Amino acid sequence: MIAKRALQRAPHTINQAIEKSLRKESEFLRTHVVEGIVSQAPAGQSFKPLSPYTIAMRTFLRRRSTKALIERGDMLRAVKAYKIDPKTFFVGLKRGVYNKD
């Protein structure tokens, strides 16, 4: 009787374990995406340096960052791990995410 109940619950328990594992993995990948942007070298390939015009515009607008893709941190905060369905997760920016300007 106990074995029968355990076997009946097994698919649900396995699916929960798979979902939990995928969620942890997607959060791990999210962390690496953000760290790659902050370090300016995602996957070991450095971003091209900002053009002098971009640096001048940021200085004119009183923005301090001289890093590519980082001006105020809006994009970094928007990178998330999204659950699409129990076995599918998406790491990145949702379409339609805009900055505060």
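In which helix does Asp74 lie? I worked from a predicted model and placed Asp74 in helix H3, which covers residues 74-78.

**Entry 1: Asp74 and its partners.** I looked up the accessibility of Asp74 and recorded a relative accessible area of 17%; the cut-off for buried is under 20%, so Asp74 counts as buried. I then searched for charged partners. The side chain of Asp74 forms a salt bridge with that of Arg72, at 2.8 Å from N to O. I also noted a salt bridge from Asp74 to Arg77, whose closest N and O atoms are 2.7 Å apart. Asp74 and Arg77 are three residues apart in helix H3, and therefore about one helical turn separates them. Arg72 is partly exposed at 31% relative accessible area, and Arg77 is partly exposed at 48%.

**Entry 2: helix H1.** I counted four salt bridges in the model. One of them joins the side chains of Arg23 and Glu19, at 3.9 Å from N to O. Both residues belong to helix H1 (residues 2-39) and stand four residues apart, about one turn of the helix. For Arg23 I noted a relative accessible area of 37%, which means that Arg23 is partly exposed.

**Entry 3: nonpolar residues.** I found that the largest nonpolar core has five residues: Val34, Ile37, Ile70, Leu76 and Val79. Beyond its neighbours within four places in sequence, Ile37 is in contact with Phe47, Leu69, Ile70, Met75 and Leu76. On the surface I located a nonpolar patch of Tyr53, Met57, Phe60 and Leu61, with about 470 Å² of accessible area together. Met57 lies in helix H2 (residues 52-60) and is partly exposed at 32% relative accessibility.

Definitions and conventions: Residues are numbered from 1 along each chain as its sequence is written. This is a predicted model: local features need pLDDT of at least 70, side-chain atom pairs count only at pLDDT 80 or more; totals for chains, interfaces and linings use all residues. Side-chain values use heavy atoms; hydrogens and water are left out. Patches are made of residues with over 30% relative accessible area and no salt bridge: like charges are joined within 9 Å, nonpolar side chains (Val, Leu, Ile, Met, Phe, Trp, Tyr) within 5 Å. Accessible areas come from the Shrake-Rupley method with a 1.4 Å probe; for residues, only the protein chains shown count as cover. Helices (H or I, at least four residues) and strands (E, at least two) are DSSP runs, numbered from the N terminus. Buried means under 20% relative accessible area, exposed over 50%, partly exposed in between (1.4 Å probe, protein chains only). A nonpolar core is a set of buried Ala, Val, Leu, Ile, Met, Phe, Trp, Tyr and Cys residues joined through side-chain atoms within 4.5 Å. Contact means heavy atoms within 4.5 Å.
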